[in-house]
Amino acid sequence: MCTLSSSRIPPDFHFEQVRRLASDINREFRFPSIDVSTYADKLNISKDRFSVIFKKYFGNPPHQYHIMLKIKEAEFLLKNSNLSIGKISDFLGFSNQLYF
């Protein structure tokens with residue numbers, strides 16, 4: 001997923017914990033949105049702190065990372081399936097195909 005220099009890792013935090021939560025986001029990318037507070041609570045930190053740490057590890061804050069996953073999957077499905085834009089939009093949890 002991501003390689004890190006040890007100087008970028010906050011001393012009070014473990015990459016493995018954040019990586020596991022990123023794996024959860026990867027599995028849940030079809031959900032319309034993610035609740036950053038839920039992930040932050042799992043680590044006993046504020047949602048703002050979680051977003052900052054997540055961005056350090058993965059280059060994007062959690063919400064942008066989530067949207068990026070959905071867009072990559074949409075691109076794949078548009079190129080490799082016969083599904084309509086509406087079906088792909090629904091499948092990926094977009095509330096409106098025009099927004100998609």
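This is a predicted model: local features need pLDDT of at least 70, side-chain atom pairs count only at pLDDT 80 or more; totals for chains, interfaces and linings use all residues.
Reader: OK, how many helices and strands does the protein have?

Author: Helices (H or I, at least four residues) and strands (E, at least two) are DSSP runs, numbered from the N terminus. Here there are five helices and zero strands, so reading from the N terminus you get α-α-α-α-α.

Reader: What share of the residues is buried?

Author: Buried means under 20% relative accessible area, exposed means over 50%, and partly exposed is in between (1.4 Å probe, protein chains only). In this protein, buried residues make up 33% of the 100 residues.

Reader: How many aromatic pairs are there?

Author: Rings of Phe, Tyr and Trp (its six-membered ring) pair if their centres lie within 6.5 Å; planes under 30 degrees apart count as stacked, over 60 as edge-to-face and the rest as tilted. Searching the whole structure turns up five pairs. One of them is Tyr-39 with Phe-50, a stacked pair with 6.3 Å between centres and 15° between planes. Tyr-39 belongs to helix H2 (residues 36–43) and Phe-50 to helix H3 (residues 47–58), so this pair ties together parts eleven residues apart in sequence.

Reader: Which residues make up the aromatic cluster?

Author: Tyr-39, Phe-50, Phe-54, Phe-58 and Tyr-65 form one cluster.

Reader: And which residues have the most contacts inside the largest nonpolar core?

Author: A nonpolar core is a set of buried Ala, Val, Leu, Ile, Met, Phe, Trp, Tyr and Cys residues joined through side-chain atoms within 4.5 Å. The largest one here has 22 residues, and those with the most contacts inside it are Val-18, Ile-25, Phe-50, Phe-54, Phe-58 and Tyr-65. The elements giving two or more residues to this core are helix H1 (15–27), H2, H3 and helix H4 (62–80), and H3 gives the most, with five residues.

Reader: How does the span of H4 compare with what it should be?

Author: The expected span of a helix is 1.5 Å times one less than its number of residues. For the 19 residues of H4 that should be 27 Å, and the end C-alpha atoms are 27 Å apart, which agrees.

Reader: What do the buried residues of H4 pack against?

Author: Contact means heavy atoms within 4.5 Å. The buried residues of H4 are Pro-62, Tyr-65, His-66, Leu-69, Lys-70, Glu-73, Ala-74 and Leu-77, and they pack against H1, H2, H3 and helix H5 (85–91).

Reader: Where does Lys-70 lie relative to Phe-94?

Author: A charge sits over a ring if NZ of Lys or CZ of Arg is within 6 Å of the ring centre and within 35 degrees of the ring normal. Lys-70 lies over the face of Phe-94, 4.6 Å from the ring centre.

Reader: Now the loops: what is Ile-34 in contact with?

Author: Ile-34 lies in the loop between H1 and H2, and at 7% relative accessibility it counts as buried. Leaving aside neighbours within four places in sequence, Ile-34 is in contact with Ile-25, Tyr-39, Pro-62, His-63 and His-66.

Reader: And what is the phi of Asn-44?

Author: Phi of Asn-44 is near 65°, a positive value in a residue other than glycine. Asn-44 lies in the loop between H2 and H3, and it is exposed, with a relative accessible area of 74%.

Conventions:
Residues are numbered from 1 along each chain as its sequence is written. Side-chain values use heavy atoms; hydrogens and water are left out.
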